[in-house]
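Hi,

Here is the structure I said I would pass on.

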Amino acid sequence: MKTSMKTSMKTFAVVGLVCVAALSSCKKDDDLITVPPPVTNEGEVLTTMTLLFTDAAGVQPDVTVTFRDPDGDGGLSYDIFDTIRLMNNTVYNMSILLLNETTNPAENMSVEVLEEDHEHLFCFTNSLANLSILRTDTDGTYEVGLQSQWTVGNAQNGTVQIVLKHQPGIKNGTCDPGETDLDVTFVTEIQ
Amino acid sequence: MQSFAQFIATLILSILLFSAHAQESCTYQMTGYVIDDHDRSPLSDSKIYLKNSKMEVFADSNGYYVFTGLCAGTYTFYCKHFGCDVVTQTVTISGNTVQNFYPEHHVEFEDVEVVATKLEEEMSLGTRELSDKERNEIKGLSLGDGLTKLNGVTKLSAGNNSSKPVIHGLHSNRILILNNGVRQEGQQWGNEHAPEIDPFIADELAVVKGANSVRYGPDAIGGVILVNPKELRKTPGIGGELNLVGLTNGRQGIVSATLNGNFSKLTPLRWRVQGTLKRGGNVHSPDYFLKNTGSREYNFSYGVGYLKQKYGVDLFYSQFNTDIGIFSAAHFGNLTDLQQAFEAEQPLESANFTYAIDRPRQHIEHELFRTKAYLVTGPRGKLSATYARQYNKRLEYDKDPPLNDSLANLNLPALQFELTTHTGELIWEHSRMKSFNGSVGITGIHQGNTYEGRFFIPNFRKMGAGIFWIENWRSKTKRLEIESGVRFDNIYQRIYMWQGDSIISPAQNFMNVSGTLGAIYKPSDQFVLRSNIGTAWRPPNVNELYSNGLHHGAASIEKGDSTLVTEKALNFSVSAEYTGKKLSVVFDGYYKIINDFIYLKPTLVPTLTIKGAFPTFIFDQVNAHLRGFDLTVNYSITPEFKVISKASILRAFNQTNNNHLVMMPADRFENSLEYTFKDGKKYTNAYVSLAVLSVLKQTRVPANSDFAAPPEGYTLLSFSAGIDLPIKTNAITLGVSVNNLLNTRYRDYMNRFRYFTDEMGRNISVRVTVPFTLFNPSTSHK
C-alpha cells in the first residue's frame, strides 16, 4: 500500500511537471489563420510615375506620360508605359507625380519625397542633343528634381532616363551616392 | 593545374604515411579487471578506451580485458560501464602493465534505457562526429561555422551573421537537422536563413552523409545533422559547467552555463537548465570594418526527466532569440547599384566599430518543446512516443523605413513569417532477436505558416504522415551486418494567397516510397567497410512553387512554378575506415543521381520594373549528378606528433543541359600538424596545432548564371592550442585559436556577400570551460 502511494505520488509529480512546462512555455500560436491577413502592412510600393508637362508659354497642349506597374515589382508586368512626345521648339515645365496604387485611395508618394527632399534627388540622363533638362526646385541646399524645365529644340528621337536616388545624410548634389528607388527609361520623341 | 598539384601532394603525403607505418613497432600490452567499486563484482562489457583515439577494447564476462599494441609513453585511459560514471586513469607504459578499474556501479540505473536520441550503433552510411577537442575549438561559433570542422561539410553564408551547413554541396531543404531528435522546422528555404540552434546545447554534433529518408522522412537528400544534448544527470547531486568565450574580431563575448541535478531522494528524477548570452559588434576585414554586422543572441533551455528501468518520460524546452545586423553595403536598389558596389575596391559604405545594430536587420525566434515517453515491452522491445512543437518567427527590416511618417513610426518589419510545427512519432524498437534488430514506426507532421508585410511566400498549411520499417541482420561472427528499410510518406499542402482581390487556395498532394539497403563489413578489428544504396525525396517547397517577386538581397526577380514535381534522389555511398596504431584513414565516397532537381534558372528576358530592369530567374527541374569523396588521413609520426590531411572533392553536373550546377563548393584541402604534450601532474590533454586550409577557385560554373565570376582560391593559416587543468574529479579546459592568422584578404564563392566585401580578417578566440559541483550527497554524508 505504502509503495503504491509513493508511486502514485511520483507519477503525479511527473505529470504535474509536464503540464506546467507545457502550458508555461509556449508562445502565441498563429497557425490557425487559414486566410492571409489583408495587405494593410504591405509597406510602401511605388507603382506609378507620371510626368506632367505644361508649356511655359501656355500655347501647346499639356502632355501626360505614365509608367505604371500596378502590383509593384515582380508579379504582373507593367500595364502602362508611355512615350514622351513633346512639340519642337517649346519650353515645358515638368513635375513628377509618384503614386502607390496598391492602396485605395492611391497614396501620393511625391508628397512623401517632398517631405524628405534633403534625402532625395532625381537624375535625368538625356540622349537627345536637341533637349536640355534643368531641375528647378531645391531642398534649401541642393536641387531635388520633382520640378524641372525641359527646353525642346528641333525634331529628334532618343531616350530620357529618370532615376530617383535615396541619399540619407549623403546628399551632395551629384547622382553618385545612395540607393536607387526608381529607374525608368522613357522613349522620347520631339515632333 | 593548382588542383592537380594539390591532389598529387596529398597523394604523395598519403603514400609516405603508409610506408612509414610499416616500420613502427608498438608491442606492449595492458591487462586487468574491471570491478564494481561497491560489491566487487566483475563488470563485463565495460569499454576501455583512449581519449581522442579510436583504440578501444571491451572487458569479457569476467571483467577481464587486454589492451594490445601500446607504445611506450603516458596515456590517459577511460573506462566506461553502463550506469556508471567514466573512470579516468593515467598510466605510464614502459612494458607490459597490469591496471584494474573500479567504476562505481549504481544498481538503480542498471539497464536504464538511454532516452536521448543516440546514434545508431552501426550504420551503413558514414556518420562523422566532432571530437571533444573539436567541439571545444568551435565554442563561440555558429552551428554552420562550427560544423565545417567535419570533412565534406562546408557552409553557405550571407556575411558573418548567417551561415548554413552544406553537405556534399546540398543545403537548405535538402538536408535535415535533428535537434534533440526533432526535425528542425524554420524558414530553411531561405539562402540567408541560418539554423536557429544554440550550439552550446549540443554534447554531440554529428553528420550522417548521404540520403537517409527512410528513418527521418522527406528532405534528407544530402544528409542529416544530429544535434544532441548531454544525457540528464544520473548520479545524485547538483553540478554544472560554465563556458566563457571571447573573440577579437567583432569583439564578441559569449557566456554559457549549464546546471544539472538529480535528487538523491528521488533518483529517477533528473533535470538540467542551460542558457547562453552572446554579443558582438561590427566585424573587420583585413582592411576595413563592415558596417552593421553586429549580433545579439540570448538562448535558454531546460530538460526534466523521470526515467525508470521499465518506463520513463522526459521533456525538453529551448528558446533561441537573435538580432542580427545585415551588412549595409550589401543592400542595393537595382542592378546599376549592384554593378557599382561590385566594381568598388572597398564597400561603398564605411564604418567604425560599434555594437549597435541598425537597419537592415533581422530578428529571429525559435522555440522547441519536446516530450518523449518510453515503455519497455517484454525482454527485447521498447515502445517510445515523441511529440514536439516548434514555433519560428522571423522579422526582416528593410534598410529604409517607409517614406510615410505614420507608417515609419510603427516601425513594423517589411516582412514577417510565423511558422508553427507539430511533429509526432511512435516507434517500436527491438534489440537483437536471433540475428535481427530493428524498428518500426509512424510519424506525423502538421505545419502552418503565416506572413505579414511584403509578399514573398504565401500562407500555407502542410500535413504529412509516414510509416517505416528498418531491420538489421548481423552475422554470428559479428563481422558482417546488412540493413534494409522501407518507408511510405504522404504530404498534403494547401496554400492561401491573394490573386487580385480574391483569395485562392490550391491544394497539392505528394506521395513517395523510399528504400535503403546497406552493408557493414569488418574484415579485421582495424577495418570497417560500409556501403549503402538509398533513395530520398522532397516535395517542392512553397517558395519554389509560388514565390513571385523581387529578391531584395539578390537583385533578381524569382518566379515560382506551381507545376513542379517531387525531387527524387538515388544515393550510392561507400566508406572505408582504417584505424591502425599510427595511421588512421577515413574515406567517404558518393554518387548521387537527383531527378527533377529544382534550381533557379536564369531567363534571357529581364523583367522591367519601376526600379529598372532585373534579371529574372524561374524555378526549373533538371536531372543532376553529384559525385565526390572526402578523405581524412591521420598519422602519428611519434606519440606526440601527428599529421592530419583532409581533402574534399565534389563534381556537380546538370545532365539535362549538359552543364555544371551553380553554387557548389570548390575543392578544398586541409593539412595540419599537431603536437600533444605528455600528460603532467598538473595538466592533461595539452596540445598545439597549426593548420593550412586551401580552397581552390570554383571553375566549374555554368555561364550567365551569376553577376560575377567566382572569386580566386585562397589559403588560410590557423593556430589552435588547448589544455586541461584537473581539479578533483573534473578539469578546467582552456583553449585559444587564431583563425586567418596572416590576416589574408580573400573572398569565398559560397558567401553571397562576396560581391561587396572581403571575408573577416584575423580572429583570435579565447575559451574557458569550468565544471563545478554545487552539491554532492556522497561527500556531504561523510
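Does Tyr755(B) count as buried or exposed, and why? Tyr755(B) counts as buried because it has 22 C-beta neighbours inside 10 Å. For the cut-offs, buried takes 20 or more other C-beta atoms within 10 Å of a residue's own, exposed 12 or fewer, and partly exposed is in between, with C-beta atoms placed from the backbone.

Before the rest, some housekeeping. This is a predicted model, where local features need pLDDT of at least 70 and side-chain atom pairs count only at pLDDT 80 or more, while totals for chains, interfaces and linings use all residues. Residues are numbered from 1 along each chain as its sequence is written, and chains are lettered from A and ligands numbered from 1 in the order in which they are written.

On confidence, the predictor gives the complex an ipTM of 0.77 and a pTM of 0.82. Chain B has an average pLDDT (the predictor's confidence in each residue, from 0 to 100) of 87, and 92% of its residues score at least 70. Two stretches of chain B to treat separately: pLDDT stays under 50 over residues 11-24, and likewise under 50 over residues 106-120.

Back to the tyrosine. Tyr755(B) sits in the loop between strand S41 (730-739) and strand S42 (763-775) of chain B. (Helices, H or I of at least four residues, and strands, E of at least two, are DSSP runs numbered from the N terminus.) Beyond four places in sequence, Tyr755(B) is in contact (C-beta atoms, placed from the backbone, within 7 Å) with Ala341(B), Phe342(B), Phe707(B) and Ala708(B). Ala341(B) is 414 residues away from Tyr755(B) in sequence, yet their C-alpha atoms are 7.4 Å apart.

Ala341(B) also belongs to helix H5 (residues 335-343) of chain B, whose buried residues are Asp337(B), Leu338(B) and Ala341(B). Seen down the axis of H5(B), these fall within an arc of 100 degrees, so they line one face of the helix. (The arc is that of the directions from the helix axis to the C-beta atoms.) The buried residues of H5(B) pack against strand S11 (179-190) of chain A.

Lastly, a sheet. Chain B has an open sheet of 4 strands in the order S3-S2-S5-S6, with antiparallel pairing; two strands pair if DSSP finds at least two bridges between them. Strands S3 (56-58) and S6 (87-93) of chain B are at the edges with a single partner strand each, so one side of each has no neighbour in the sheet. S2 (residues 47-50) of chain B pairs with S3(B) over 3 bridges, and Tyr49(B) has Glu56(B) in S3(B) as its bridge partner.

Cheers
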